[in-house]
Amino acid sequence: MKIQEELEFTTADSIVKELVHAGVEAAFGIVSIHNMPIYDAILREGSIKLICSRGESGAVNMADGYARATGKLGVVITSTGTGAGNAAGSLVEAWAAGVPLLHLTGEVASSYLGTGKGYIHECKDQLSMMRGACKNAVRLRNPDQSAAVVRKAIQEALTAPTGPVTLEIPIDFQSAIIEDLSLEGLRASTSETNALPFIPEKAVQKIVGARRPVIWAGGGVISANASQELQKLAELLGAAVITSQSGKGSIPENHEQCIGHFAAYETTKEFLRNADLLISVGVRFRGNETSNWKVPVPQEHIAIDADWQAINRNYKATLGLVGDAKGMLAAIIQKLEEQSVHAEPSYLKEVLSLRNEVRAQLRETLGPFEQFVDGMREILPDDTILVRDVTVQANVWGSRLFEIYEPRTSIHASGGGIGQGLPTAIGAQMGCPDKTVVLMAGDGGFMVNVGEMVTAAEENLPVIIVLFDDSGYGVLRNIQSAAYGRQVAVDLLSPDFVKLAESMHFDAVRIGSGDEFISQLKKAKERRKPSMIVVDMEAVGPMAKPFGGPPGAAEAFKPKKL
């Protein structure tokens, strides 16, 4: 509800006006003496919902999760100095994942910038800190330019390669009285925006001539809303489709041509050695997903990416196509439909065989947790958003065997930092209130942002937390054991998570078997209230094969000559 007051128009009002112009419906953050004018302007304007987190780190993760689940701009508002510093780690995650996010932070009064006088919340060089954590960071230097600076920051965050952009506004500027400026930018004509990009004939011929094609789909497919085009191209060619973690959902994972997030498996590596063409689409080829770039790729590699610098960054491309994935794939499909292209039945059988084999290999390692993954997929709706913190169960089977059927329903920590899952899930649930959101987390990482449980309860979000409690850092335990034969600093004293959750206004239960888990998951899905299921890992029992960390992790930590 808008609050009608006869007030002078200020920089804060200009900022909020630009947020509304960009279609912003929600903003996350913590109110502070260094952002109060912006909060008050949001309150008076009335159309943007404010979600109050318990920490700046969690606020950024919430905006991140909101953006990933909805495809919209995420907005977070923090304080100066320590507040901005608290946000930095989560901004690194948004940068790693290429999430379009606007971070509004205060600054000390303009006359005190760089003086070191000890103005409250002063930071030695906040702008450089933000530049190190973001796609870019800028400072408002003239209140009269606020509309233009905010508009440009938003456009930069949304322009591929997308990422977080920080805008600093000195506190005295926020309440400065300025003219209410209306901005209009040039718009491209309809004919220009609908035109398909040019595809070189040599690219078409390489694709037409391939007999054993593989597509590697990354998060760029989802960012570009190009999933339909990707699936059509795969079916047209009869190609195997490997996905990165960020690319999960770019093709339904029950599709017979979807190999999924199994690139580093030896069986998949062997398949790639015999492939004659790789088409990579918006994929980073991260070290932890390629055994530190030891996964082989075919000599013929057509790389499609919106980022010029992505070409040849990790794997050599014989042809680079730079541009929006949706347009590029549509143009390639149009060219191929003019040719004699068809899927080869014998190759499709090989693809299906590989798909089934890697899944069977992984299932053999799960022991009692095979019942967990099957129960989750049976009980939860097809469009459930699965958020995965960094924990053994999420790494081993949550990221591979829980099938994802739609884009933007799989979210994980791209940068690998623990503890960001809870606030990310809260943001995803805020953006998609009618969907089921499930978080997989471990007890160690969960404690990093545990206070955000109250934020979920305050907003009455029906998020379901599945907490795997083994009283320690399970992934690191296993890596240390494999690398050194001993462990250090990985055992933790766990609280009573059920009592903790209940004190945070969650319904909570502790379970010790697969049957109990399935029963409680059904109840949590049906009640549509904040819920936690604590999995007693000792009671459930070990996996059939211990998880030693990502491929090559243990070997990397052993003493060696460089």
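The following legends describe close-up views of a predicted model. Local features require pLDDT of at least 70 and side-chain atom pairs pLDDT 80 or more, whereas totals for chains, interfaces and linings use all residues. Residues are numbered from 1 along each chain as its sequence is written, and side-chain values use heavy atoms, without hydrogens and water.

View A. Strand β7 spans residues 213-217; strands (E, at least two residues) are DSSP runs, numbered from the N terminus. Of its 5 residues, 5 are buried, that is, under 20% relative accessible area (1.4 Å probe, protein chains only). Pro213, Ile215 and Ala217 point one way, and Val214 and Trp216 the other. β7 runs parallel to β10 (residues 277-281), joined by 5 bridges, and Ile215 stands opposite Ile279. Strands pair if DSSP finds at least two bridges between them.

**View B. Trp397 in the largest nonpolar core.** A nonpolar core is a set of buried Ala, Val, Leu, Ile, Met, Phe, Trp, Tyr and Cys residues joined through side-chain atoms within 4.5 Å. The largest has 56 residues, and Met376, Trp397 and Phe517 have the most contacts inside it.

View C. Ile33 lies in the loop between β1 (26-29) and α2 (36-45). Ile33 is partly exposed, with a relative accessible area of 44%, a class that lies between buried and exposed (over 50%).

How values were computed
Helices (H or I, at least four residues) and strands (E, at least two) are DSSP runs, numbered from the N terminus.
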